[in-house]
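Try each task before you read its solution.

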Amino acid sequence: MDLSLRIKGIEFKNPIVIASGPLGFGEEFFKYISSSFIGGFTTKTITLNPVIGNKPPRLVYVEDGLLNSIGLQNPGLDAFIINYAPHLPESCVRIISVGGEKAEDFARVTEGVDSFADMIEINLSCPNVGGQTIVSDLKSAKAVVSACRKSTKKPLIAKLSPDEDPVIQARMAVDAGADVVNIGNSIQGARFNVDSGRPFLKNVKGGLSGPAFMPVILLKVYQIKDAFPDLPVIGLGGVRKAEDIVEYAIAGASLAGIGSSAMINPDNVRIIYENLQKFMDKRGFNFREMIGIAHRGGFV
Amino acid sequence: MKITYSKSGSYILLELPYKGKALPGQFFTLATETGPYIPRPFSVYSLEDGKISFLVKAGGEFEKFLNGCATVEMNGPFGNPIPELDSPLLLSGGCGYAPVHFYAQTHEFSEIIVGANDPTFFDLIDLPDHSVYVTDPTTPLDIAKFSPLKNILLCGPASMIKDSKALFADKNLYLIMEERMACARGMCEGCAIMTDDGVKFVCKDGPVFRASEVDLEWTYR
C-alpha cells in the first residue's frame, strides 16, 4: 500500500519526519541510515548568531524518556549556510528549523535558509532558552509567524508547545500564515537529586521527550484536528514503533516525528518504516486514508 | 553473559561475548530488552578471548534492568582511543578504573594508583603487579602528588578531575571525561564540555582531553 502523501504541494514518500534537534544537521545520522527510509528531515534550529548552548549537565535520564537542556546550540546562520545547508539530504523533504529572540531575527534566518529548504519550521516553543517559550506570549508568537510568512513563499510549519493550549496556539499560527502545525516540542519538566537536594539541571527545567509523554501529544493532535479538520498536523513525541505512527495518524496527524528513538539507534527508523509498510499492507489501505480516522468513527 | 558483584554488592563486573574490536578509551552503550530507554555508556574494562567486560556501579537504574534480563544489547565501539603515552602514571577512582585497566593491559606504563570507596572493589578487579590501591579517606591524588612522572592519565569522578587539574598544572595531564549522553554519535549534543576550541562532545571528540584545554569551571558546577 502507499505511504506517500502531499502536504501543501510538497511530496512526502512516507509520513516519517525526523524531528529537529537530536540528529543535528544529519552529518552523523546519515552515516548510519539512508534518507530513502525517511519522508522528511528537520535540521536543528538555526539562529542568526551562533549559540553555545547550556552548561552541563544537559541530559537527565528519565524512565521511558529523556529530560534535555541543550539550549539551541548551533553555529549561526552564516556558518550553517556555508558548512551544512549544501549537504542536506535531497531524497527526502528538507525542513529547516529557524529560531531567535525577536521577529526580525526569525525573518532574517528564514530569508537566509529559504533556498535550501523545502519547508521551514518556526521554533516557537523551545523550553530551554530564556524564561518562557515564545508561544507562551501569543502576540509575540503571531508577530514571529507573520514576519516569517513575509520572508518566504515556502510552506511554513509552526512548532507549538505542549505546555500551552493547542487549539489557541494553532489558531494563532493559522491566522498569522502558517501552513502546518507541529505539536510539538518537548514538554517542560524537572528532576531533583535525592542525594544533593538540588535540581539536576542548572536551569531547573528541561524538555521531556520520549514514550512517557506520547499520550499527552496524541490528545493535543486530536484536539487540533477536531478544531481544524483541514490543517495538516505533525505529531511529535515518543514514537518508537510503527504502531505509534499509526496511532498518531488515527488521532489526526498527517506526519509523525521521530526524535529520541532515532537518536538512540538510527537504524530504528528503518525498522519503523519497514514495519509501517507491513502494517498498511496487512490492513489494505493507503496511509493517507487513515489520517484523522478517529474523527470519522474509526475503522468501520 | 556473566555478572559478578563485589563482596559488598556495590560494584558489578559485567562480561559479555563479543567477537569485534575495541581500543582502550572506547565505550559501548548498553541496554537490556526491557530498558533503560536511553542506553547507558560504559567504557571497556577488558577485551580478550572473545569476551568484553564493563564495570558497573551498583544501585543505579541500569542494575535494575540487568538483574533478570536475558540479553544485553551493545552498540559501539564509540569514542576515540587513548593516545599512546610515554611511561604514564595511571590514576583512577571507582568505575573510572575501566578504561585505565584496559590501557594498562595493552600499553606500557610506569605506575598505577587505583582508588575506590569500597575495599571489596579491589577483590573484584584485576590489578597489575605493583599497583597501589587506596580507599577512603585516602585518594589516589594523595599518593600521586609525590610522583615525578610527567605524563598522567586519569579517569574518575568530577571532584577528582577538578582537584587533579590544580594539582598537576605543570604536568601533561590527560583526562578521560564522562558526561551523560544519549546518542553516543555526536548528534544530540548532550555530553558537552568547554575547551579552548569551543564546545566539544565527550562521545565524538573525546573521551580523552588534555586537562590544559578543558574549562572545568564551565563544564562542572
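**Exercise 1.** Which residues point one way from β7(A), and which point the other way?

Before we start: this is a predicted model, where local features need pLDDT of at least 70 and side-chain atom pairs count only at pLDDT 80 or more, while totals for chains, interfaces and linings use all residues. Residues are numbered from 1 along each chain as its sequence is written, and chains are lettered from A and ligands numbered from 1 in the order in which they are written.

Step 1. Find strand β7 (residues 93-98) of chain A; strands (E, at least two residues) and helices (H or I, at least four) are DSSP runs, numbered from the N terminus.

Step 2. Sort the side chains: A:Val93, A:Ile95 and A:Ser97 point one way, and A:Arg94, A:Ile96 and A:Val98 the other. In a regular strand, side chains alternate between the two faces of the sheet.

Step 3. Check burial (buried: 20 or more other C-beta atoms, placed from the backbone, within 10 Å of a residue's own). Six of the six residues are buried, so β7(A) is largely enclosed by the rest of the structure.

**Exercise 2.** Find the strands that pair with β7(A).

Step 1. Pairing requires at least two DSSP bridges between two strands. Strand β4 (residues 40-42) of chain A pairs with β7(A) in the parallel sense over three bridges, with A:Thr42 opposite A:Ile95.

Step 2. Strand β8 (residues 119-123) of chain A also pairs with β7(A) in the parallel sense, over four bridges. Here A:Ile95 stands opposite A:Met119.

Technical notes. Buried ≥ 20, exposed ≤ 12 C-beta atoms within 10 Å, placed from the backbone.
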